[in-house]
Each structure stands twice: as C-alpha cells, then as structure tokens.
Amino acid sequence: MKILALVLCFFSFTITYAQEEILYKSIDSVELYLEVHKPAEMVEGKRYPAMIFYFGGGWNTGTRSQFERHAKHYAEKGIICFLADYRVFKRNNTTPFQALNDAKSAIRFLRKNAESLQIDPSRIIASGGSAGGHLAAATAVVEGYNDASDDLTYSCKPNVLVLFNPVIDNGPGGYGFERIGMEYKSFSPLHNIVTGAPPTLILLGTKDHLIPVTTAQYYQHIMKKVKSKCVLKIYEGGKHGFFNYKEKNRKYYTSTMKDTDDFLQSLGYFNKVN
C-alpha cells in the first residue's frame, strides 16, 4: 500500500508540474505569471532552448492562452515554452510602456533562473502576435523602458524573434501613435534596429488592415542593412490575427507553423526528425 501511495503521489506531482505557473513579477497588488510547457521527457541537468510568447490585444486586453497550441507544439520538439502575463489597459489601467516593462522583466527572469528552469540562457526565442509581437521585438532592440525593480545585470534581449503580424512601427501613420506620441523614436522597433539585432521571422497576411506589407518589407530592408537575418513570409488573403488556430480552417495556422519550424530548424533549435 505504501508503494502504491508513493506511485500515486508521484503521478499527481507530475501532472501538477505539467500545469506549472511561475510568478515572475509582483507590482503592488498585481501578480504576473509564466505558464510553463515542458518537453515530456526531460533529462536531469540538461539545458534546453526556451521560447516565450506574448499575447496580442493592442496592449489593451488579451490572455496568454492565445499561444497555448504553439507552446505545446514546440514543447514536443524539445523547447521549454513560457506563456507570459503582462499588464494591459483594461485589466490594469496601464500604458504600452508598462507592458514593455513586463515583457523585459519576463526574459530577465528566465535568464536569472536559467539553471533551475533547465534553460539555455543563450538560446531564448521571443515570440508574439500583434502588440505581443511588438513586445517581443522591443525586448530585442529597444534600450529603455526597464522596470526599476529589474536586475539589469541580466539581459532582456532574446536570441531569436518569431513575430506574427507584429506591431513594429509606432511612428506617425503606424499603429498606436496616438498613444505613444513622440516617444515612438525610442519605443518603436522599426526606429531602433541596430547592429546585433537577432535573427527574425516575420509572418504577415496581405489583407492585414493594421500592419501593411510594405512596413514589414522596410523592416526587413533595415535588418539587412545592419547585417541581421530577417525572413519575411507573406500569406495571401491573411487578415490581422490570421495565424491563430481555428478549428474549421487551419490553413494559415498550419502554414505559419511549418514556416516557423523551418526557420527554427535552420538556426539549429531542433532537428527535422522531430
């Protein structure tokens, strides 16, 4: 009976562990979590690549569940995935600037706790859609907007970016300028690309009413000028949010996942046999 109880206890622990949430930041009464999705069979002591996802919603709303299928997909390929909370206007009465504070804090948390999380701090992929794509890109290229409580000895810059119809231009004529104002010069990823920007994949539909294809093409052009890899995938007929999983029509979800797989494989983040 003692053996049976021990087995049941261990089984219960593993199920709980698979649903793990980690508190990465507290601000006043607000608690922000990372939802963790791990490979099924992890080797003790081994370090794994990490992938962190930021949901979309115009910095106004949204939930981390948006990228749950993506996280499970890449966990199966040997990447430890994290779905990140961050503050948004409708829940927290905050601005896009606080959202970026949180996005940076989350990556610093991963690096600071890399050993206990079993992640390789030199192989962190940041991903997101729409405003979440902005946050992912901005952690890599925007220098300011660091939370005062962060340990700045840990870098917030990811090693790779995967951006789904991302908000990359906050300047006049770009998305969010009415909220960002002239701070776009220091906040907009398009206006802050520098040498050393990480390899980037951008996935965008031709019928996106918020993110023009020409904006993504110009981003790619600037990336090439600083000698950083930038792959741009354009999907005919795709509207804003086209990449999200839809039960009745998985066409765009399937094609964007394949292109993301190919991109990450080309960088050695998992083998094709997976």
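A pocket, as I use the word today, is an open set of grid points with protein on both sides within 12 Å along at least five of seven lines. Keep that in mind. The model is predicted.

Pocket first. Which element gives the most to its lining? H4 does, with 4 residues. Strand E1, residues 21–27, also supplies at least two. The lining includes Tyr24, Lys25 and Ser26. It also includes Ser105, Arg108, Phe109 and Lys112. Asp150, Asp151 and Tyr154 are among the others.

Now Lys104. This lysine sits in helix H4, residues 96–112. Lys104 is buried, yet it has no salt bridge. The nearest side chain of opposite charge is Glu143, 6.1 Å away. A salt bridge needs the atoms within 4 Å. What does the Lys104 side chain reach instead? The backbone oxygen of Gly144, at 2.6 Å. Beyond its sequence neighbours, Lys104 is in contact with Ala138, Thr139, Val142 and Tyr145, among others. Asp150 is one of its contacts too, and Asp150 also lines the pocket.

Last, backbone angles. Most residues other than glycine have a negative phi. Here are two with positive values. Tyr145, the Lys104 contact, has a phi near 65°. Tyr145 lies in the loop between helix H6, 131–141, and strand E6, 160–164. Asp28 has a phi of about 55°. Asp28 is in the loop between E1 and strand E2, 30–37. Buried or exposed? Tyr145 is buried, with a relative accessible area of 16%. Asp28 is exposed, at 81%.

Terms used
Residues are numbered from 1 along each chain as its sequence is written. This is a predicted model: local features need pLDDT of at least 70, side-chain atom pairs count only at pLDDT 80 or more; totals for chains, interfaces and linings use all residues. Side-chain values use heavy atoms; hydrogens and water are left out. Buried means under 20% relative accessible area, exposed over 50%, partly exposed in between (1.4 Å probe, protein chains only). Lys and Arg count as positive and Asp and Glu as negative; His and the chain ends are not counted. A polar contact is a pair of N or O atoms within 3.5 Å; within protein, one must be able to donate a hydrogen and the other to accept it, and residues adjacent in sequence count only if both atoms are side-chain atoms. Contact means heavy atoms within 4.5 Å. On a 1 Å grid over the protein atoms alone, a cavity is a set of points where a 1.4 Å probe fits but cannot get out, and a pocket is an open set with protein on both sides within 12 Å along at least five of seven lines; lining residues have an atom within 4 Å of a point. Lists of a residue's contacts leave out its neighbours within four places in sequence.
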